[in-house]
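Let's take a walk through this structure together, from the contacts within one chain to the place where two chains meet. Keep the view open as you read.

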Amino acid sequence: MNTANTMFDRFKVSFQKGDVIFCEYEPGDNFYLIQAGRVQIVKIMGEIEKNIAVLQPGEVFGEMAILEEAPRSATAIALDPVTALEFNQENFEILMQGNPQIALKLLKLFSNRIHDQKRKFMILTLDDVEAKIADVFLMLAEKEPPSDTDSEKIEFKTTVDDIAHWAAISPAKCREVINHFVNQRRVELLQDRIVVKNINDFARFVSTRRRRQEHQ
Amino acid sequence: MSPKAIQYNANSIIFFKGDVSEKIYILKSGKVSLNYTDIETGQEIHDLIKTGEFFGVRSALGRYAREETALVLMDSNVIAFSVPEFEQLSSQNTRIVIKMLKVFSTQLRRIHKQVQNMIYSQEQVKPETGLYRIGEYYIKNNRYTQALYAYKRYLTYYPSGEYAADVTRKIERAEENLQKYGQGRGPAEAAAGSPQEIEKPAKSRELAGLAKLYYNAVSLVSQQKYQEAFGEFKKIATAGEDEEYVAKAQFEIGRCLYYLQQYDTCIKSFTALIQRYPKHPELAEALFFVGKCYEDKEERQKAKGFYTKILTLIKEEDPLYRKVKKAVRELEGS
């Protein structure tokens, strides 16, 4: 491990507490493996800074940088003094060869990202905006750990802005549709969460819309 | 438990689309097809697995439902790994993982592009506007460090962008406030948030170019590349396009000289600055550098003289005050 460490030293970067490591919307081709300190991932949504994750040493972030010309999708801020290994397309393979643990971690991360993107694509293919939003809830439900109760009611720690983001529609339109769901008593809108009363009802709704769309 | 060899007859199914399982397979012999519907075209796709190829990796590692049905076309032998077994194998053979990473990153790129195409045809914030808004958010909340990062990046990428002039002004204000009040403190940013009248485009473009030069040089200083930074500031100062930037660059030149340990030149440079701009916003700071030069030259009396002078110029709550106080204490102590 010691030899590996010296080999990695030249890829080492450090940040002071509060430093922005990268900013949402800026182009970027580096990604990072945290060695020490915590990194907060945030997104500015309207008037609030939304915490997406707090990452610990050993975790990777910015990995979407392997995508060509994709602007950063969130902002990374050092919560402590942070040291990290900085990867890019060029040094990527060297770093991987010496460290199968990192390689495996990335492999898992990519597996999840591919799935997320495919799922997002499925949501976007729906023409009907109500179906889109219902499908976002289905996607979020798929991410929840399976519950032991067979309840149809699911609480999501999410916001209208979040849902709008996934459905790629404006927050205003999203609020309008969710309010409509509230009026239909299918959804409860609370300050920090949204409750779907019957997730199976949403599943039926989405699959009907999808089928109807296919037969058009 | 160890990886298991399994035989499948033709027309049997290894897994169905929608199954959840943590098994990863490698095809030893025979013929297996992965069947799925293309999400873009709706076409039924049949991907043949090559001998020696892994399949079922993504869904097993990501712990989500299978996205394909694995259909056995002729009698086949496969080896099934659990995720820990696969991890074990790949830790001994990084090549396999690197190869997979390449495949996955290509797949990720493709799907990401498809998603982006869908979104762009719908609604999306331009990166330029997005970056600007991030700076706006942080400045409103007095988080100067973060605001400065976003604004400076903005000028780097969009030096003649729509908000360049506004951003340039806000960088200055953020730096002042950071110095004056410190991170997280300061006035509510009502003033800065108010809409800005747009300057003449030509003027703003020029300024933005200058600002970019200036902030690039500042970033060289933070990377401790003083010699290079010195050269850049010198260019700005000699070009003399904008008095404000000349004054700012002149100050930075002195700073670089100090870090380059050229104390005599540094003292000259700051002295010239003070004479030319007696109301320079960084006046106290400039005097502090002069004091430090004398201190490093072992001319303690002179150093102390400059430090004492600074203390009469600034208020106690100025962050510099404490630094100077400390420097005086140390001079007296030694």
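In chain A, residues 24 or more positions apart account for 69% of the contacts with a separation of 6 or more, two residues being in contact if their C-beta atoms, placed from the backbone, lie within 7 Å. What you see is a predicted model, in which local features need pLDDT of at least 70, side-chain atom pairs count only at pLDDT 80 or more, and totals for chains, interfaces and linings use all residues. Residues are numbered from 1 along each chain as its sequence is written, while chains are lettered from A and ligands numbered from 1 in the order in which they are written.

Chain A has 7 helices and 11 strands; these are DSSP runs numbered from the N terminus, helices being H or I of at least four residues and strands E of at least two. Its mean pLDDT is 86, and 92% of its residues reach 70 or more, where pLDDT is the predictor's confidence in each residue, from 0 to 100. Within chain A, confidence is highest in strand β7 (residues 75–78), at a mean of 96, and lowest in helix α1 (residues 2–8), at 57. Where pLDDT is low, the predicted coordinates should not be read in detail.

Now look inside. Of the 216 residues of chain A, 34% count as buried; a residue is buried if 20 or more other C-beta atoms lie within 10 Å of its own, exposed if 12 or fewer, and partly exposed in between. The largest nonpolar core has 136 residues, and A:Leu107 and A:Ala167 touch the most other members. Helix α3 (residues 100–125) of chain A gives the most to this core, with 9 residues. Such a core is a set of buried Ala, Val, Leu, Ile, Met, Phe, Trp, Tyr and Cys residues joined through C-beta atoms within 7 Å.

Which residues does A:Leu107 contact, leaving aside its neighbours within four places in sequence? They are B:Leu61, B:Val97, B:Met100, B:Leu101 and B:Phe104. The contact between the chains takes 40 residues from chain A and 39 from chain B. On the chain B side, α3(B) supplies the largest share, 16 residues.

Finally, two backbone details are worth a visit. A:Tyr25, in the loop between β2 (20–22) and β3 (31–36) of chain A, has a positive phi of about 80° although it is not a glycine. A:Tyr25 counts as buried, with 26 C-beta neighbours inside 10 Å. B:Arg63, also not a glycine, has a positive phi of about 55°, and is partly exposed, with 14 other C-beta atoms within 10 Å.
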